[in-house]
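This briefing goes through a structure topic by topic, beginning with the ligand and its surroundings and then turning to the protein itself. Please keep the structure open while reading, so that each residue can be located as it is named.

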Amino acid sequence: MKLTKPLFILVTVLAISSCTKIYKKPETAVTIKEAYKENFYIGTALSQSQIEEKDPMVTALISKEFNSITPENIMKSMFTHPEQDRFDFKLSDKYVAFGEKHNMFIHGHTLIWHSQLAPWMAQIKDSTAMADMMTNHITTIVSKYKGRINSWDVVNEALNEDGTLRKSVFLNSYGKDFLTLAFKLAAKADPKTDLYYNDYNLCNAKKRKGAVDMIKNLQKNGAKIDGVGEQGHWNLTSPSLDEIEQTILDFSALGIKVAFTELDITVLPSPWDVVGADVNQKSEANEKMNPYPKVLPDSVQQQLAARYEAIFKLFLKHQDKISRVTLWGVNDGQSWLNDWPIRGRTNYPLLFDREFKPKEAYTSVLKLKEAKK
Ligand code: XIL
C-alpha cells in the first residue's frame with residue numbers, strides 16, 4: 001500500500017514521538033560498562049538483596065552494565081564489627097564473592113566513618129583505646145580481603161564544610177593524626193590495594209582546600225594515599241561544571257587518582273531552600289517537596305539527561321585522571337534519595353527507572369561515546 005503524503009507525515013511523527021517517550025534499548029547496543037571500558041570503571045552500589053542475588057533479572061543487569069561494585073551499607077562498622085570482640089563477615093564474604101564471580105573491580109566502603117558506626121566504637125574516650133580499635137579493625141578487615149578488594153575508602157567524611165576536621169569520636173579521642181594512622185594501617189595490611197579518602201561537597205572551595213591540605217599532610221607523614229573519592233550527590237544545576245572540573249584538577253595535581261564514588265542527581269527540591277516557618281505551609285510544603293509522586297515529567301527527564309550528559313562529557317575530558325565513576329544504586333527505586341533528607345518521597349536520580357529500564361539519562365551517557373567513534 002502506498003501512503004498518501006499527509007498519512008506518511010502522521011505515521012512518521014507518531015513513530016518519532018513514541019521513540020522519544022519510551023526508550024527501549026536495542027538488543028545489539030553496547031552496555032554502559034562496555035562503552036566506557038577504555039576510559040574508567042562504571043560502578044554501582046549494591047544493597048544486601050542485590051548482593052544475595054535475590055532477583056536474577058537484577059543480577060543480570062548489574063553484571064551486564066557495571067564492572068565495579070561498592071557495598072551500599074553492609075561493610076560499614078556497625079555491620080562488620082558490631083561488638084569489640086566480634087566481627088561479622090557473612091555479608092561481606094558474599095559481596096566479595098559476587099564481585100569475583102562477575103569479574104568486577106571490587107571497592108571496600110568504608111573503614112573509618114562516624115556514621116553507621118558500631119555503637120561500642122562511639123564510646124571510646126582515650127587515644128590508646130582508639131589506636132587499639134583502629135589497629136584491630138583496619139588490620140583484620142583489610143588483611144582478610146587482601147588481594148581481593150581492589151580499593152578501600154579508608155576514611156570517609158572527616159571534614160566540615162569550612163575545611164576543618166569534623167569533631168568525630170576519632171578526632172576527639174586520638175587527635176588529627178588518626179588519619180595518618182588509618183592510612184598506614186591499611187597500607188600495611190594490603191600494600192597493593194588502592195587507598196582513598198572519600199567525602200561529599202568537595203566542590204565547596206573551603207572544604208576542597210581542607211581536603212587538599214589534609215592529603216598533603218598525609219603524604220608529608222609518609223602515609224600511602226592513592227586517590228580521593230568525590231561522592232557526587234548533586235542536583236540538576238549545582239555544583240557547576242566549572243566547580244567539578246576544579247576539583248578534578250586540584251586533586252590530580254597532588255599526584256593521586258580521582259574517583260566519583262556515589263553519583264546521583266536529585267530532581268527534588270531541597271528542604272534547605274525552604275524559608276520561613278509558617279505552620280500553614282506544612283501540607284502545601286509536603287506536596288511541594290514531593291512534586292512527582294507518580295511520574296517524572298518529560299521536561300525534567302530531559303533536564304536530567306542533559307545534566308548527566310554534561311557531567312560525563314567532563315569526565316571524559318579528564319579520563320586520564322579519573323579511575324572510576326560509581327552510581328549510588330542500580331535503579332531509582334533503590335535510591336537512598338527517596339528517603340533522604342525527607343522520608344517517603346519519589347526521586348529519580350539514577351540511570352535506570354523503577355522497572356529497571358534505561359532512562360533518557362542512560363541513553364545520553366551512552367550516546368556520548370557513540371558520537372566519539
Ligand atoms: C547511605 C545509604 O545509601 C543508605 O542506605 C543508608 O541508610 C545511609 O547511608 N555518604 C556515604 C554513603 O558515604 O555510605 C551513604 O550511604 C550516603 C552518603
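In this predicted model, a polar side-chain atom of N156 lies 3.0 Å from an oxygen atom of the ligand. The protein buries 78% of the 420 Å² that the ligand exposes when taken alone.

**Ligand surroundings**

- The ligand is surrounded by 13 residues, of which E72, K76, H109, E262 and W328 are the closest.
- The side chain of K76, one of those closest residues, places an N or O atom 2.7 Å from an oxygen atom of the ligand.
- For Q231, the ligand atom concerned is a nitrogen, which is 3.3 Å from an N or O atom in the side chain of that residue.

**Nonpolar core**

- The largest nonpolar core has 104 residues, and those with the most contacts inside it are Y36, M134, V155, Y308, F312 and F315.
- Leaving aside residues up to four places away in sequence, Y36 touches I42, F312, L316, V365, L368 and K369; among these partners, F312 is itself one of the core residues with the most contacts.

**The loop at G147**

- G147 is found in the loop that runs between α8 (127–144) and β4 (151–156).
- Because exposed means over 50% relative accessible area, G147 counts as exposed with its relative accessibility of 68%.
- Although G147 and K192 are 45 residues apart in sequence, their C-alpha atoms are 7.2 Å apart in space.

Note on methods: Residues are numbered from 1 along each chain as its sequence is written. This is a predicted model: local features need pLDDT of at least 70, side-chain atom pairs count only at pLDDT 80 or more; totals for chains, interfaces and linings use all residues. Side-chain values use heavy atoms; hydrogens and water are left out. A nonpolar core is a set of buried Ala, Val, Leu, Ile, Met, Phe, Trp, Tyr and Cys residues joined through side-chain atoms within 4.5 Å. Buried means under 20% relative accessible area, exposed over 50%, partly exposed in between (1.4 Å probe, protein chains only). Contact means heavy atoms within 4.5 Å. Helices (H or I, at least four residues) and strands (E, at least two) are DSSP runs, numbered from the N terminus. A residue is near a molecule or strand if one of its heavy atoms lies within 4 Å of it. A polar contact is a pair of N or O atoms within 3.5 Å; within protein, one must be able to donate a hydrogen and the other to accept it, and residues adjacent in sequence count only if both atoms are side-chain atoms. Accessible areas come from the Shrake-Rupley method with a 1.4 Å probe; for residues, only the protein chains shown count as cover.
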